[in-house]
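Here is a short report for a reader new to this structure. Look at the model first, then read on.

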Amino acid sequence: MSLPTDDAPEEISLGRVYEEYVRISEVCNDYIHRSLGDIRLFGSIGALLAWDPLARLFELDAQLQQPVTPVGFLILLLLIVLVMFFDLLKQSIFFFHLQRMQALERVLNRAAGDRGELFHLAGGWPDWFRRYHAPAANGFWGVFYLLVVVFPSIILYLQEYGGWLFVYLPTAIVLLGLHACCAMRILGSLEP
C-alpha cells in the first residue's frame, strides 16, 4: 500500500490507513517481544563461556588440570557475534516498520486536525531512543564487549595461553568493531 502525499490525504480511506497502522504496530510489538527474549540466548552463551573456567578457577585446592581451550573461546566468540548480527538484521527490519508507521501517523494526525498528535508512537521513538534508550543500551553493550574481550583474555593468560591472545584479541576487536559500525549505520536510519 502506498501512502498518500501530504497534499492528497483523501486518496486512501482513513479506516484503511488505521488498519495498516494497527497491523504494523502488531508486527513491531512482536519484534520487541522476541528481541527481548534474545537476552536468554546471550545468557546461555555467557553461561557456556563462564561456567567451566570459573568453576575450576575457584577450586582452591585443585590445579587446572584441563585448561579451557583457546579454540573454544574463539568458537564462542563467533557464535556470540553471529547472534549479535542476527539481532541487527531484526533491528533494521523494526526500524523500517517504524518509518512506515511514522508516515501513517502523519496521515492520521492530519485527519485528527487540531486535536494534537494522537498517534505518536513511532514518531516519538527516535527522540526517546536518543534521550533514554541509547544511554542504557550503550552501558549494556560496553559491559558486554568488556566481558567478551576481557574475561576470555584473563582466562587465557592465567592458563598460560598468552600466545593465543594475539589471535583472540585482534579477532574479537575486528568482529566487535564491525558489529559496532553496522549498528551505528542502522541507528543512523532513525535520523530525520
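## A buried ring pair

Phe 73 has a relative accessible area of 1%, so this residue is buried. Tyr 168 is buried too, at 2% relative accessibility. These values come from a predicted model.

The structure holds 10 aromatic pairs. Phe 73 and Tyr 168 form an edge-to-face pair, because their ring planes stand at 65° and their centres lie 6.3 Å apart. The pair links distant parts of the chain. Phe 73 belongs to helix α2 and Tyr 168 to helix α4, 95 residues apart.

## Helix α2 against helix α4

Helix α2 covers residues 70–112, and helix α4 covers residues 165–187. Their axes come within 10 Å and cross at roughly 5°. The two helices are therefore roughly parallel.

On the α2 side, the contact includes Phe 73, Leu 77, Val 81, Met 84 and Phe 95. On the α4 side, Tyr 168, Leu 175, His 179 and Ile 186 are among the residues involved. The residues of this contact divide into 19 nonpolar, four polar and no charged.

Helix α3 runs over residues 121–158 and bends by about 55° at Phe 129. Just after α3, Glu 160 takes a positive phi of about 60°.

Helix α3 also packs on α4, at an angle of about 170° and with the axes 10 Å apart. That angle is over 145 degrees, so α3 is roughly antiparallel to α4. Among the α3 residues that meet α4 are Phe 129, Trp 141, Tyr 145 and Pro 152. From α4, the contact includes Leu 165, Tyr 168, Leu 176 and Leu 187. Here the residues divide into 15 nonpolar, two polar and no charged.

## Ser 153 in the contact

Which residues does Ser 153 touch, leaving aside its neighbours within four places in sequence? They are Leu 165, Tyr 168 and Leu 169. Ser 153 sits in helix α3. Its relative accessibility is 11%, so Ser 153 counts as buried.

## An aromatic cluster

Ring pairs join Phe 140, Trp 141, Phe 144 and Tyr 145 into a cluster. Phe 144 is buried, at 11% relative accessibility. Trp 141 is partly exposed, at 23%.

Trp 141 and Phe 144 are three residues apart in helix α3, which means about one helical turn separates them. Their ring centres are 5.4 Å apart. The planes stand at 85°, so this pair is edge-to-face.

Notes. Residues numbered from 1 in each chain as written. Predicted model: local features only at pLDDT ≥ 70, side-chain atom pairs only at ≥ 80, totals over all residues. Heavy atoms only, no water. Bend = angle between axes of the 7 residues up to and from the residue. Helix = DSSP H or I, 4+ residues; strand = E, 2+ residues; numbered from the N terminus. Axes fitted to C-alpha atoms, helices over the stretch in contact; angles between N-to-C directions. Parallel < 35°, antiparallel > 145°, perpendicular 65-115°, else oblique. Contact = heavy atoms within 4.5 Å. Nonpolar A, V, L, I, M, F, W, Y, C, P; charged D, E, K, R; others polar. Buried < 20%, exposed > 50% of the residue type's maximum accessible area, 1.4 Å probe, protein only. Phe/Tyr/Trp six-rings, centres within 6.5 Å; stacked < 30°, edge-to-face > 60°.
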